[in-house]
Amino acid sequence: MKSRSTLATWLSELDGSRLARVLVMRKDAASSPDPRSVGELADRLQRPGSVALVLPQLTLPCLQAAEALAALGARATRDSLAELLGSRSPTALHALDATLEALSDRALVWHDGNEALRMPTPLRQAWSTPLGLDAPLGELLAGTTSEELRGMLAVLGIKPPGTKQQRLAALVEHHSDAERVASLVAGAPAATRKLLERSARSTPRQSLFVVFGTPGRDLPPGARWALDRGLLLQDRHRYGPARMPVEVALALRGPDWHAPFEPLPPITQLVPITSSEVEREAAVAATAFAAHAASVLSACATAPPTRLKSGGIGARELARLGKAAQADDAVVRIALETAYAAGLLARDGDRVPPTEAYDAWAEQEPAEQLAVLLRAWRDLPLTPTRARDEDNKALPALAGAPDCGGCLQARHGLLTAAAGLPAGQGVKVASELGPLVAWHRPLADDASPEDTAPFSTVIREGELLGVLARGALSPLGVHLAAHADEELDITARRLLPPATTTARIGADLTAVVTGTPSARLAALLDSMADRETTGTASVWRFSAGSIRRALDAGSTLDDITADLSAGSATALPQPLTYLLADTARGHGRVRIAPAACVIHGDEPALLAELAAHRALAELALRQLAPTVLVSGSPPATTLKALRAAGYAPVAETAGGTVRIEKRLPQRAAAAVPPSRGNVGRRGPRTTAARASEMPIDAGTDVDVLADRLLKAPPNAPEPDPFGSGVPFATDTEEIVAGYAKHLSYSDVRQVAHAIDAGAAITVEYISTSGSRTVRTLSGLELDPPYLAAWCHLREAERVFTLSRIHGVMPA
């Protein structure tokens, strides 16, 4: 409560422009704050998890300074922080002040009235062992008795004061003097010095020993000497590891040890570039991507890609789309993911067809289409071109994986790093942007197995989209990073040429379109020709098969000729007109009519009568010859209708012989078991349900029925849907069973028990790439349809899909 009050006081003392800057940096309010913003912001900063949203956006020096402040605790000041970080020169102090200012702009650090540096409690708790150091001495001694403090002071040769607080202050004052601690340890036994030096360099979780039972038993050599003097502290009941206070650890690490602090970004090799070079290269890349993306989505509109059973669009469908659009896998994946994020595609059952928004998008100019996809790419919570998982197995597109905050920060870090390059200069090799991204967003995700250098995947995406060019940020990237959507649209229209509305049709039966074809022109050529290449220039080829496709779609020769003439920059060449005429002349000479069955006989008058009979109109009879009719209904339906109309037809077999209609007596193979009733429904059946199962005569008296219902025994809960006869024991079992369709009921119970009891289990898991692995999981958290757990195979936190768990074994 005190820290909240201090934070609120500091915020209230800021002038309007500074408070607005804090709010904008944190995206907590508009740039015109009202008095309530102070209290609301101060309250939010104290909530658990509030800082977790801000930490991924911090640069490396901000994170390093914040961790050092967390290690110093309540005694942190600018001077002590500078000493810990080794920032003593004027240049280093200036860089430290700039770092503290950046943290202050996000209300993560502030000065109190005594020049001490404070931070919100959630930020201080973000590191369990900052810099590998334990808690301060005062915090570790909170549960120590006054008598134990007196004993430590006596051993140190300090006269113990009267009260516990005075004794605690005296011990903290002694251990806060690095020279005193170093001198004290220098006179310790050799075993103790070795023990303390090892403790000072290791993290608390790797600390030295765990003692159980009677004090003094099983202590390592030299530990008792350190415990008696407060250099190591232990729980008063002598359980758990011995802990070294931060003051002691820093004193033993020596004055030459400093926490890591890199206030300046890494140095990269830069080359001079001109704005025209950047714009030219960005325009070429953006134009090519816009054309390819339009082709990919057009292919999706023609034949929506099919999803895998495990979810997502697999390699076969990606290859089909890539072949249709003449685009590589990376471009296809970016187009699909950005279009889905922009609402141009949507899942519909086992397919991913375009939405109604796609129709409006397809009619726009290439620049407007590109701007929509660029904004979607900037905010994607994943890396779209990542095609391999941690096992180096192929990943499907649009798999619906959980959001990856690190992937989003990698993209934002790339835009920030490229925007920070000097004007008129770019990196010599694009991969050198990787260390800059790591400096600007140290918590960004860089775990793609395809990366040959840090963040090379996201850098390649930026180049494909025209966001990066010649190792620098293009005008498109500048507006994208600044979230300036209107300027982005204007720049895109300036860099990208308008859609081409005409094609050049040659005598070699090809149609060439330079630039991006308009939606109407592309649809026209796709309907009459086969696309061969796509990019800065697209090529279609006419053939008898492609012209026949247009004729089959209902177009006539005159329609095709008129449409092609309107879309051609020149007159149609003679070879194409000959091809159109020859194909149209032979089109439809042989026709195929649908027929469910055939009616034939020897009397033409009788068949003509059947074709004209009004009662048989539903059969859709059609006369092909004087003695042949075809019916649109199956043989059985046709036979029944003719007999109902007063005729006496007979049925034939496929060989032309009369089918004998002899009814054989039907008998049941075995006794039919009684119905189970409400199978799969939980809980007892209702009174009305039981009443519906009782045989009731028409004359049954209501009083008699009521008496029978009252005397009926209560029904047991319905068994589970698996057929084991045992109902669900917990809600967790029912939820797991609803998603883990491949598990037996006993496996479902094991998973549910592990979730509820916090136990570990071993599962057989099928990843999105189809690979089968056996993993031991612990710390399970149910988040349907996902299961979050610690994976002992990967030694990391992972999210698993319940439907992909195919087996369960004890851990």
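Visitor: Which residue is the bridge partner of Gln-623 in β13?

Guide: In this predicted model, Gln-623 has Leu-629 of β13 as its bridge partner. As a general idea, side chains in a regular strand alternate between the two faces of the sheet.

Visitor: In which sense do strands β12 and β13 pair, and over how many bridges?

Guide: The pairing is antiparallel and runs over three bridges, with β12 covering residues 622–625 and β13 covering residues 628–631. The two strands are joined by a hairpin, and two residues make the link from β12 to β13.

Visitor: At what angle do the axes of helix α33 and helix α34 cross?

Guide: The axes cross at roughly 125° and come within 9 Å, where α33 spans residues 731–739 and α34 spans residues 745–757. Angles over 145 degrees count as roughly antiparallel and those from 65 to 115 as roughly perpendicular, so α33 is oblique to α34. The crossing of α33 past α34 is right-handed.

Visitor: Which residues make the contact?

Guide: From α33 come Thr-732, Glu-733, Val-736 and Ala-737. The α34 side consists of Tyr-745, Val-748, Arg-749, Val-751, Ala-752, Ile-755 and Asp-756. Sorted by class, the contact between α33 and α34 has seven nonpolar residues, three charged and one polar.

Visitor: What is the mean pLDDT of the protein?

Guide: The mean is 82, and 82% of the residues reach 70 or more. Over residues 29–33 the pLDDT stays under 50, and the model gives this stretch nine contacts beyond four places in sequence. Residues 669–694 also have a pLDDT below 50, with 30 contacts in the model beyond near neighbours in sequence.

Technical notes. Residues are numbered from 1 along each chain as its sequence is written. This is a predicted model: local features need pLDDT of at least 70, side-chain atom pairs count only at pLDDT 80 or more; totals for chains, interfaces and linings use all residues. Side-chain values use heavy atoms; hydrogens and water are left out. pLDDT is the predictor's confidence in each residue, from 0 to 100. Contact means heavy atoms within 4.5 Å. Axes are lines fitted to C-alpha atoms, for helices over the stretch in contact, and angles run from 0 to 180 degrees between N-to-C directions. Helices (H or I, at least four residues) and strands (E, at least two) are DSSP runs, numbered from the N terminus. Angles under 35 degrees count as roughly parallel, over 145 as roughly antiparallel, 65 to 115 as roughly perpendicular and the rest as oblique. A crossing is left-handed if the near helix is turned anticlockwise from the far one by less than a right angle, and right-handed if clockwise. Ala, Val, Leu, Ile, Met, Phe, Trp, Tyr, Cys and Pro count as nonpolar, Asp, Glu, Lys and Arg as charged, and the others, Gly among them, as polar. Two strands pair if DSSP finds at least two bridges between them.
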